[in-house]
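Student: I would like to learn how to read the sheet and the helices of a model from its coordinates.
Tutor: Then let us take one case and go through it feature by feature.

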Amino acid sequence: MTTETITVPEIHCDHCKSAIEGALGPLDGVERAEVDIDARTVTVSYDDGIVTRDALVGAIVEQGYDVPAA
């Protein structure tokens, strides 16, 4: 299991939290996705043999949030 923290500067409210967690949670291979509104980050635990970081970032971007290059 891989755990990664992704910075999403546009996170600022509970709606952002719900949208991002709702997009990541159902992805195959994602065990847990948790948004920290104050830190503007998303911590994701996932099986990198099933889902890639690019797929995680893509799901966040599809919700309308920019993810700076790591």
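Student: What should I know about the model before reading values from it?
Tutor: It is a predicted model, in which local features need pLDDT of at least 70 and side-chain atom pairs count only at pLDDT 80 or more, while totals for chains, interfaces and linings use all residues. Residues are numbered from 1 along each chain as its sequence is written, and side-chain values use heavy atoms, with hydrogens and water left out.

Student: How is a sheet read?
Tutor: Strands of a sheet pair through backbone hydrogen bonds, either parallel or antiparallel. Helices (H or I, at least four residues) and strands (E, at least two) are DSSP runs, numbered from the N terminus, and two strands pair if DSSP finds at least two bridges between them. Here three strands form an open sheet in the order β1-β3-β2, with antiparallel pairing. Because β1 (2-7) and β2 are at the edges with a single partner strand each, one side of each has no neighbour in the sheet. From one strand to the next, the twist averages 15°.

Student: Which residues of α1 are buried?
Tutor: Buried means under 20% relative accessible area, exposed over 50%, and partly exposed in between (1.4 Å probe, protein chains only). In α1 the buried residues are Cys-16, Ala-19, Ile-20, Ala-23 and Leu-24. They are on the same side of α1 because they cover an arc of only 120° around the axis, the arc being that of the directions from the helix axis to the C-beta atoms. Asp-14 and His-15, on the other side of α1, are exposed. The buried residues of α1 pack against β2, β3 and α2.

Student: What is the angle between α1 and α2?
Tutor: They pack at about 140°, with axes 9 Å apart. Angles under 35 degrees count as roughly parallel, over 145 as roughly antiparallel, 65 to 115 as roughly perpendicular and the rest as oblique, so α1 and α2 are oblique to each other. Ile-20, Ala-23 and Leu-24 in α1 meet Leu-56, Ala-59 and Ile-60 in α2.

Student: Are Thr-41 and Gly-64 buried or exposed?
Tutor: Thr-41, in strand β3, counts as buried because its relative accessibility is 13%. Among the residues that Thr-41 touches are Thr-5, Ile-11 and Glu-34. Gly-64, in the segment after α2, is exposed, with a relative accessible area of 56%.

Conventions:
Axes are lines fitted to C-alpha atoms, for helices over the stretch in contact, and angles run from 0 to 180 degrees between N-to-C directions. Contact means heavy atoms within 4.5 Å. Lists of a residue's contacts leave out its neighbours within four places in sequence.
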